[in-house]
Amino acid sequence: MTADVWLPLRADEIDGLPEGLNYRFWDGGEDFPADPADCTYYVVPYMKPGGIGVRPLPGMTSVEVVQTLSAGIDHVEPGLKHLRPGVRLCNARGVHEASTAELTLALVLASLRGIPDYVRAQERGEWRGGFRPALADRNVLIVGYGAIGSAIEDRLTPFELAHVARVARSARTTARGPVHPFTDLPVLLPEADVVILSVPLTETTRGLADGAFLSRMKEGALLVNVARGPVVDTKALLAELETGRITAALDVTDPEPLPRDHPLWRAPGVLVSPHVGGPTSAFLPRAKRLLVDQLTRFVNREPLRNVILTTGA
């Protein structure tokens, strides 16, 4: 049996890949590049429609590692039931932090300072000023304080915030201050001027920002979602937006892609970007470095990075 590695990037475009493996290029096309049964290390195609990345998994009877190039693994989890026990699932921690944190800051600033309104006014040739809130002196709540949440705070630090509160699955202490558990959200939400969602999509976080969550946000607060669309209850968010009580900036939505006739497009006080937190010029060099490091570890039988779970464990 050959030891195949399926890559969504061409091997000759990645410097430093270890020798001794058969690299097969597959970016989600209809035809597989080889027999899935010979694949030992599978790198899931990036930014493909739902279901494409899991399509070869039932035939991957020899696979040892499934590697995503995304921070989230929710798009792969439905296919894990087809795999034998002992397969390691790794995510792309270290690849998307910079890009996603940049976009988060852009969404916050654009929403607070009214950039979409200025763009629309420019298209009409109108000079429309006005008083807008600044990010300075605001209280920010980061819900989901992993690598991306920490990177977001890195970029918020120079903006003279009044306070940053951090929330994660469990409480801990960081150099910047405490991280609160999810159970503290009812107390923290009413104090936040900006609430940033950067959690992974799990059964715990699905619908986290529901009607009760949103109703606890203070009047005039901004909700920013750079996590996954289903983390927010869309119907509940629309109800809040229609009242004008809060605003929102959404890089992800539920459903996604957002249909042309969906009311979120026209809801007052909402800025929508089409899930572009990760795909930037920063992606490829970081993704390539991750793959070289992981595959070198794989060949040398060294511990892999970013192991999220092991099937059958």
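**Salt bridges**

I looked up the salt bridges and found that the structure holds 17 of them. I note that this is a predicted model.

D117 has a relative accessibility of 38% and counts as partly exposed. R132, at 31%, is also partly exposed.

I turned next to D193 and K218. Their side chains form a salt bridge at 3.1 Å, N to O. Is D193 buried or exposed? D193 is buried, because its relative accessible area is 14% and the cut-off for buried is under 20%. K218, at 28% relative accessibility, is partly exposed.

I also looked inside a helix. D293 forms a salt bridge with R297, and the closest N and O atoms are 3.2 Å apart. Both residues lie in helix α7 (residues 283-299), 4 residues apart, which is about one turn of the helix. D293 is partly exposed at 25% relative accessibility, whereas R297 is buried, with a relative accessible area of 16%.

One group goes beyond a pair: I found E153, D154, R166 and R176 linked in a network of salt bridges.

**The sheet**

I traced the strands next. There are 8 strands in an open sheet, in the order β8-β9-β7-β6-β10-β11-β12-β13, and the pairing is mixed. Which strands stand at the edges? They are β8 (172-174) and β13 (270-272); each has a single partner strand, so one side of each is left without a neighbour in the sheet. From one strand to the next, the twist averages 20 degrees.

I wrote down a general point before looking at one pairing: strands of a sheet pair through backbone hydrogen bonds, either parallel or antiparallel. Strand β10 (residues 194-197) and strand β11 (residues 222-225) run parallel and are joined by 4 bridges. In this pairing V194 stands opposite L222 in β11, and L197 stands opposite N225 in β11.

I then asked what covers the faces of β11. In a regular strand the side chains alternate between the two faces of the sheet. Both faces of β11 are covered: L222 and V224 on one side are buried, and so are L223 and N225 on the other.

**A helix across the sheet**

I checked which strands helix α3 (residues 147-156) lies across. They are β6 (139-143), β7 (163-168) and β10, and the helix runs at about 160 degrees to β6.

**A nonpolar patch**

I115, Y118 and V119 make a nonpolar surface patch of about 230 Å².

Definitions and conventions
Residues are numbered from 1 along each chain as its sequence is written. This is a predicted model: local features need pLDDT of at least 70, side-chain atom pairs count only at pLDDT 80 or more; totals for chains, interfaces and linings use all residues. Side-chain values use heavy atoms; hydrogens and water are left out. Two strands pair if DSSP finds at least two bridges between them. Helices (H or I, at least four residues) and strands (E, at least two) are DSSP runs, numbered from the N terminus. Axes are lines fitted to C-alpha atoms, for helices over the stretch in contact, and angles run from 0 to 180 degrees between N-to-C directions. Contact means heavy atoms within 4.5 Å. Patches are made of residues with over 30% relative accessible area and no salt bridge: like charges are joined within 9 Å, nonpolar side chains (Val, Leu, Ile, Met, Phe, Trp, Tyr) within 5 Å. Accessible areas come from the Shrake-Rupley method with a 1.4 Å probe; for residues, only the protein chains shown count as cover. A salt bridge is a side-chain nitrogen of Lys or Arg within 4 Å of a carboxyl oxygen of Asp or Glu. Buried means under 20% relative accessible area, exposed over 50%, partly exposed in between (1.4 Å probe, protein chains only).
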